[in-house]
Amino acid sequence: MWWIALYLPQWPLEALGAPRPDAVEEAGGLVCVGAAAAQAGVRPGMGRAAAELCLPGLKLRPRDPEQEARALRTLALAALRFSPNLQLRPDGLLIEVQASLRLFGGPLRLWQRFQRLIASYEVSAHWAAAPFPEAAWLLARARGPARQAAGPPGRAPGLALGVAQSRQAPAVLAVLDALPVPPVLQAWQAPPATHQLLEGWGVATLGQGRALPRAGRQRRLGSDLLQRLDRAYGQAPDPRPFWGPPAGFDERLDLPERSSDLGLIVHALQHLLQALEGWLVAQGRLARALTLHLLHETRRHEAWPDTVYPLRLVAPEQAAQALLRLWSERLHRQAVVAPVVALRLVLQASEQPESPELQQALPLSTRAHAGGLPDPLETRHALARLLDRLQARLGEQAVQALRCHDDHRPEKASTSLALTAADLQRPTGLPHPAQEDAQEGAPVKGGANETRPS
């Protein structure tokens with residue numbers, strides 16, 4: 001097995017989105033402090049008055065556990081593209097990716113793609129990889145500050161790369177033995193008495209603790225702590241329930257403050273579309289129709305209804321970047337009528353890819369084109385994407401198809417309707433006449449039943 005642990009140390013602050021406050025507070029004081037406030041001397045646990053003395057004009061926000069859970073759910077949906085075996089933690093994720101290594105071309109490529117996804121969310125992340133889930137989580141918590149995901153382009157962090165190449169327990173055990181005891185006990189939420197007891201014994205690392213007699217450890221530390229230690233070293237079973245994604249996609253993302261800035265709205269929409277892509281990959285489906293809701297601020301004497309942007313695709317799509325381009329065209333075509341406080345993205349219709357769609361998803365080098373001619377399927381998909389962009393930019397009614405009817409009256413012989421996917425079902429190019437005639441109900445070239453997109 002191979003597990004990737006993602007620990008988010010600044011999640012109470014970073015889950016609020018951009019622009020972020022300087023710190024987040026609870027009833028007992030500050031719980032999370034940003035980089036600028038930390039440089040000014042603000043520390044977690046301080047009260048509001050002491051923090052404002054260190055940094056006048058300190059921007060504080062109350063902690064919002066519901067917003068943290070929603071933002072983590074959005075991040076988990078985006079991570080489903082790597083593996084359906086995912087476990088949510090209050091401040092991170094655990095993903096079992098052993099079965100996905102071959103699909104992504106090896107552990108290094110999977111790791112790089114995972115890094116790029118998390119980097120797009122602009123969050124502080126500590127990474128680790130190990131054959132056991134508890135070991136991966138401990139390494140991310142205890143060694144994360146020294147081994148973050150930031151590094152030279154094209155390379156994964158040293159710890160993860162070494163484990164990815166060997167994926168053997170002895171290499172992981174040596175790293176676990178060197179872990180200091182305080183961050184491990186903090187990750188396990190052990191009581192302070194446990195730390196004082198181990199400090200009195202002269203135990204500074206996890207390996208020194210394991211070297212003590214097992215009977216004495218169990219009697220003085222308890223069976224729960226000992227079982228966690230055995231799971232970290234792979235000496236005890238560690239069954240974990242995986243998170244189940246929702247049956248449909250209907251996600252909401254709150255903005256940190258009301259805004260009419262299209263750049264901020266598109267940036268937040270990108271996170272929702274990445275979550276949609278992860279959900280579609282996990283379900284093995286393609287998006288056909290979507291609806292974006294811009295939720296406006298409701299005041300006492302003024303209530304704005306949601307601004308709704310429907311999007312019906314000529315070609316079903318799964319990639320977040322392709323959908324983001326279409327939404328950007330729609331959003332820049334219409335002005336924002338009122339400040340936006342949240343976004344809601346709803347998947348209205350989806351479909352399973354057919355075998356030609358799967359063939360289209362393969363690399364070009366694996367598809368042979370007879371006589372060097374363009375692939376008709378690829379040409380049709382390129383045309384469909386072009387029509388989607390035209391409809392997003394100009395409107396659905398501006399791109400229409402001409403449908404002919406058997407009628408001698410000129411005004412009744414044709415109608416103009418909005419273009420749909422059915423207008424592109426026949427491959428482009430010059431098919432063989434015998435193949436056209438063999439199709440039941442196929443239109444005759446030049447006949448009255450032919451459909452021609454404008």
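# Exercises on a predicted model

Trp111 has a relative accessibility of 1% and therefore counts as buried; the term buried means under 20% relative accessible area, exposed means over 50%, and partly exposed lies in between, with a 1.4 Å probe and protein chains only. The model is predicted, so that local features need pLDDT of at least 70 and side-chain atom pairs count only at pLDDT 80 or more, while totals for chains, interfaces and linings use all residues. Residues are numbered from 1 along each chain as its sequence is written, and side-chain values use heavy atoms, with hydrogens and water left out.

## Exercise 1. The chain as a whole

Task: State how many helices and strands the chain has, and what percentage of its residues is buried.

Solution.
Step 1. The secondary structure consists of 18 helices and 14 strands. Helices (H or I, at least four residues) and strands (E, at least two) are DSSP runs, numbered from the N terminus.
Step 2. Of the 454 residues in the chain, 44% are buried.
Step 3. Among contacts with a separation of 6 or more, 66% join residues 24 or more positions apart; a contact means heavy atoms within 4.5 Å.

## Exercise 2. Aromatic rings

Task: Determine how the rings of Trp2 and Trp111 are arranged, and where in the chain these two residues lie.

Solution.
Step 1. A pair of aromatic rings is described by the distance of the centres and the angle of the planes.
Step 2. Rings of Phe, Tyr and Trp (its six-membered ring) pair if their centres lie within 6.5 Å; planes under 30 degrees apart count as stacked, over 60 as edge-to-face and the rest as tilted.
Step 3. This rule gives eight aromatic pairs. In the pair of Trp2 and Trp111, the ring centres are 6.4 Å apart and the planes stand at 45 degrees, so the pair is tilted.
Step 4. Trp2 belongs to the segment before β1 (3-7) and Trp111 to helix α5 (residues 107-120), so that the pair links distant parts of the chain, 109 residues apart.
Step 5. Trp2 has 0% relative accessibility and therefore counts as buried.
Step 6. Ring pairs join Trp2, Phe82, Phe104, Trp111, Phe114 and Trp127 into a cluster.

## Exercise 3. Charges over rings

Task: Identify the ring over which Arg89 lies and the ring over which the charged end of Arg210 sits.

Solution.
Step 1. A charge sits over a ring if NZ of Lys or CZ of Arg is within 6 Å of the ring centre and within 35 degrees of the ring normal.
Step 2. Arg89 lies over the face of Trp137, at 4.4 Å from the ring centre.
Step 3. Arg210 has its charged end over the ring of Tyr233, 3.8 Å from the centre of that ring.

## Exercise 4. A pocket and a cavity

Task: Give the volume of the second largest pocket and of the largest cavity, and describe the lining of each.

Solution.
Step 1. On a 1 Å grid over the protein atoms alone, a cavity is a set of points where a 1.4 Å probe fits but cannot get out, and a pocket is an open set with protein on both sides within 12 Å along at least five of seven lines; lining residues have an atom within 4 Å of a point. Grid points are joined across faces, edges and corners, and a volume is the space filled by probe spheres set on the points.
Step 2. The volume of the second largest pocket is about 470 Å³. Its lining has 18 residues, and Tyr7, Pro90, Asp91, Arg141 and Gln189 are the closest to its centre.
Step 3. This pocket lining contains 10 nonpolar, two polar and six charged residues. Ala, Val, Leu, Ile, Met, Phe, Trp, Tyr, Cys and Pro count as nonpolar, Asp, Glu, Lys and Arg as charged, and the others, Gly among them, as polar.
Step 4. The largest cavity has a volume of about 270 Å³. Its lining is formed by 22 residues, with Glu14, Ala15, Gly17, Leu253 and His271 nearest its centre.
Step 5. By class, the lining of the largest cavity comprises 13 nonpolar, five polar and four charged residues.

## Exercise 5. Positive phi and a covered helix

Task: Locate Glu122 and Gln189, and state how many residues of α6 are buried.

Solution.
Step 1. Most residues other than glycine have a negative phi.
Step 2. Glu122, although not a glycine, has a positive phi of about 55 degrees. Glu122 is found in the loop between α5 and β7 (126-130) and is partly exposed, with a relative accessible area of 45%.
Step 3. Gln189 also has a positive phi, near 55 degrees. Gln189 lies in the loop between α9 and α10 (192-201) and is exposed, at a relative accessible area of 71%.
Step 4. In α6, 10 of the 11 residues are buried, among them Trp137 and Arg141.
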